[in-house]
Amino acid sequence: MSLVDEVLSKLTLSHETAVKIKSLLQSEMVKGLERDSGSTLKMLPTYVHDIPNGTEEGDFLAIDLGGTNFRVLKISLKDRKYKQVEKKIELPLEIITDTQQTLFGHLADVVTEFIKDNKISATLPLGFTFSFPVKQRSLTSGLLITWTKKFTAEGAVGKDIVELLKAAFDEKQVKVDVVGLVNDTTGTMMACALTDFNCHVGVILGTGTNACYMEQIENIPKWTGDKNQKQVIINMEWGAFGDATSGDPQEAGALAEIRTEFDKELDVSSPNAGKQRYEKMISGMYLGELVRLVLVQLTKKGLIFNGLASDELLTRNVFDTSFISNVEDLSNSDHSKTREGLSKLKLNFASEDLDIVLKVCQAVSRRGARLAAAGVAAVVEKIKKVDDCVVAVDGSVFQKHPTFSGIMKETLNELLPGNKIQLKRAEDGSGRGAALVAAVAVRMKGKL
Ligand code: GLC
């Protein structure tokens, strides 16, 4: 084995380990459904009990907060079809890391402008996609448990997110009628379920990663809501699988066997050390940084770039996931995109180095895709839908990375041979799904 391969072998996820992770995930799922603490999977009931039945119609507002962009949408629904107008803005880091007042005040400004620009005079029912762990108390209220991804806005953790949003709107004297608070996974599943009745799972593989699925109430001992309901969508918050439960970021956790020095380094220097460990191995916010950390080690060992690291290579988060997608793109067989990316980092590279960079990207993204597939296998097997299940998937990693979805499919076949699971690209699940949750809520209230 070459010295480079030796380093990369640490990122291999063997069949045996993938099987083990699948079953560990399943036992954490069961524990998380039993009670609020004691599992790294929060398994949060969403109060969404029904998927759309196709009769939903009308005009809705949707707002989507949780990734790189904030979006406001007006969605008109009729006959299972959507018409939509939307506004998308990138949220500056200063806004998402300041205070909740700054964050929600900014959102209220964007929505106010949208309402004005689109001449919306009625107070439309609003679906709010809020893609963070929330302990819901009803469909329209929920306490933020912790921020994840790049968000740290002070004063929001432990508070009712819908109240914070309403307070910000009140201040601008804009009336909103929040009828549904949803996670992006739920939105994605709902958007897909509008046309696929056998869609039982929603997955996000974007900036962060997470999944939700429809669970039977009888399997949720901790359920305190309406006992007459038969089922409810559970937001798993699977990104936290393998976390340190004691609060000590050094605690080994369930993923100890496969966490490499690269994962550990990424974790300790992140704003939420010890948390979201599964997410940190899979999602778009982190894959580029993992690649960088591997390249730095290879450089220090003198195996690449002539042993010379530029200041840029030593700078955290200089690669985003689009770099990995470009390197691995089939149209990049001449490595032109790799050259372009590396030149920006002022690195001196020989042509053999370009092959190594490709191998590093492949190793990191392959491990991520296999881990994500172990997650999907765990969920679908748990709900006994291996023979017929559409899994709705949204997010930039799944949509844009050239091989991620293919490797996931291949791994699913390896873990559940003969399965009939379909991974279905759900375009814009988080935006449309929020409108759909709003629509179902309005229908259930008999308002339509
Ligand atoms: C993070 C959030 C989760 C969200 C996921 C994808 O893991 O905690 O709520 O669904 O990112 O956006």
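# Briefing: fold, strand pairing and selected residues

Strand β9 (residues 199-205) runs parallel to strand β12 (residues 389-394), and the two pair over 5 bridges. The model is a predicted one. Its protein chain holds 15 helices and 13 strands. The radius of gyration is 22 Å, close to the 22 Å that the globule rule gives for 448 residues, so the chain is as compact as a globular protein of that length.

**Sheet containing β9 and β12**

- Cys199 has Val390 of β12 as its bridge partner.
- β9 and β12 belong to an open sheet of 6 strands, ordered β1-β11-β10-β9-β12-β13.
- Pairing within this sheet is mixed.
- At the edges stand β1 (44-45) and β13 (421-425), each of which pairs on one side only.

- Strand β2 (residues 58-65) pairs with strand β3 (residues 69-78) in the antiparallel sense, over 7 bridges.
- Within this pair, Asp59 is bridged to Ser76 of β3.
- The hairpin of β2 and β3 has 3 residues between the strands, and Gly66 there takes a positive phi near 160°.
- β3 also pairs with strand β4 (residues 81-90), again in the antiparallel sense, over 10 bridges.
- Gln84 in β4 is the residue opposite Ile75.
- The hairpin of β3 and β4 leaves 2 residues between the strands, and Asp79 in its turn has a positive phi of about 50°.

**Chain-level values**

- Along the principal axes, the C-alpha atoms of the protein chain fill a box of roughly 70 × 45 × 40 Å.
- Buried residues make up 57% of the 448 in the chain.
- Among contacts with a separation of 6 or more, 71% join residues 24 or more positions apart.
- The accessible surface is about 18600 Å², and carbon and sulfur atoms account for 49% of this area.
- There are 56 positive and 59 negative side chains, and the centres of the two sets lie 3 Å apart.

**Helix α6**

- Helix α6 (residues 184-193) is mostly covered, with 10 of its 10 residues buried.
- The buried residues of α6 include Asp184, Thr188, Met189, Met190 and Cys192.

**Ser430 in helix α15**

- Ser430 sits in helix α15 (residues 429-444).
- The relative accessible area of Ser430 is 11%, and the cut-off for buried is under 20%, so this residue counts as buried.

**Glu257 in a loop**

- Glu257 is placed in the loop between β11 (231-235) and α7 (261-268).
- The relative accessibility of Glu257 is 56%, and exposed means over 50%, so Glu257 counts as exposed.
- Not counting residues up to four places away in sequence, Glu257 touches Thr17 and Lys20.
- Thr17 is 240 residues from Glu257 in sequence, yet the C-alpha atoms of the two are 8.6 Å apart in space.

Methods: Residues numbered from 1 in each chain as written. Predicted model: local features only at pLDDT ≥ 70, side-chain atom pairs only at ≥ 80, totals over all residues. Heavy atoms only, no water. Helix = DSSP H or I, 4+ residues; strand = E, 2+ residues; numbered from the N terminus. Rg over C-alpha atoms; globule rule 2.2 N^0.38 Å. Buried < 20%, exposed > 50% of the residue type's maximum accessible area, 1.4 Å probe, protein only. Contact = heavy atoms within 4.5 Å. Areas by Shrake-Rupley, 256 points an atom, 1.4 Å probe, with all protein chains shown as cover. Lys, Arg positive; Asp, Glu negative; His and termini not counted. Charge placed at Lys NZ, Arg CZ, Asp CG, Glu CD. Pairing = 2+ DSSP bridges.
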